[in-house]
Amino acid sequence: MRRTGTTRRGALTATGALALGAVLTGCGGDDEDAGGKKPARATAKAEKALREKAVRDGALLLARYDLVAEAHPATAAGLEPLRAAVAEHGKALAPPSAKGEPKKGDKAPPAPAGPVSADPKAAVRELAADERRRADGYGEALLTAGPELARLLASVAAAAAAHAYLLTELAEETAV
């Protein structure tokens, strides 16, 4: 008997289609035909700030993953691949000068706010909500980013949306 409703494959296909649409939109030509105005593009300084914020947000999310896995060891195996992907996103989003070595005077990322829920399902759902917020934030940020960064942000936003879906599924499968 076939399961009805949203399936993991369907959700990932839709996420991929959204990411492809965002990438193709970012690859369009100049918008001079649309009223003679070009879209606002971020300066190099603004893009660096955007990348640094994305790295800080990713570090906070990594810390949340660690807290949930530590508080609820039964979820650790399901969280590890997603956590590893978030770590890779942080490396990809790091400003070019920051890739490789930390700058002198860099501080450790701030500790994540709030305690982890005592209920494993609720804790994983909170991670899913964090990933949704991350996807939404990157989706908004790509509107002002340059083409290269916009493509990267679209890809990471699509991955964050997929993570949110997978975490929601993991929450349903988690035993209390």
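Reader: Is the crossing of α3 and α5 left-handed or right-handed?

Author: First, a caution: this is a predicted model, where local features need pLDDT of at least 70, side-chain atom pairs count only at pLDDT 80 or more, and totals for chains, interfaces and linings use all residues. Residues are numbered from 1 along each chain as its sequence is written, and side-chain values use heavy atoms, leaving out hydrogens and water. A crossing counts as left-handed if the near helix is turned anticlockwise from the far one by less than a right angle, and right-handed if clockwise. For α3 and α5, it's left-handed.

Reader: At what angle do α3 and α5 pack?

Author: Helix α3 covers residues 76–93 and helix α5 covers 147–173, with axes 11 Å apart. Angles over 145 degrees count as roughly antiparallel, so α3 is roughly antiparallel to α5. The angle itself is about 165 degrees.

Reader: How many nonpolar residues does the contact of α3 with α5 have?

Author: Residues meeting there include L82 and V86 in α3, and L152 and V156 in α5. Ala, Val, Leu, Ile, Met, Phe, Trp, Tyr, Cys and Pro count as nonpolar, Asp, Glu, Lys and Arg as charged, and the others, Gly among them, as polar. The contact has no charged residues, three polar ones and, for nonpolar, 14.

Reader: Is T75 buried or exposed?

Author: T75 sits in the loop between α2 and α3. Contact means heavy atoms within 4.5 Å, and beyond its neighbours within four places in sequence, T75 has contacts including V68 and P120. Buried means under 20% relative accessible area, and exposed over 50%, with partly exposed in between (1.4 Å probe, protein chains only). At 2%, T75 is buried.

Key: Axes fitted to C-alpha atoms, helices over the stretch in contact; angles between N-to-C directions. Helix = DSSP H or I, 4+ residues; strand = E, 2+ residues; numbered from the N terminus. Parallel < 35°, antiparallel > 145°, perpendicular 65-115°, else oblique.
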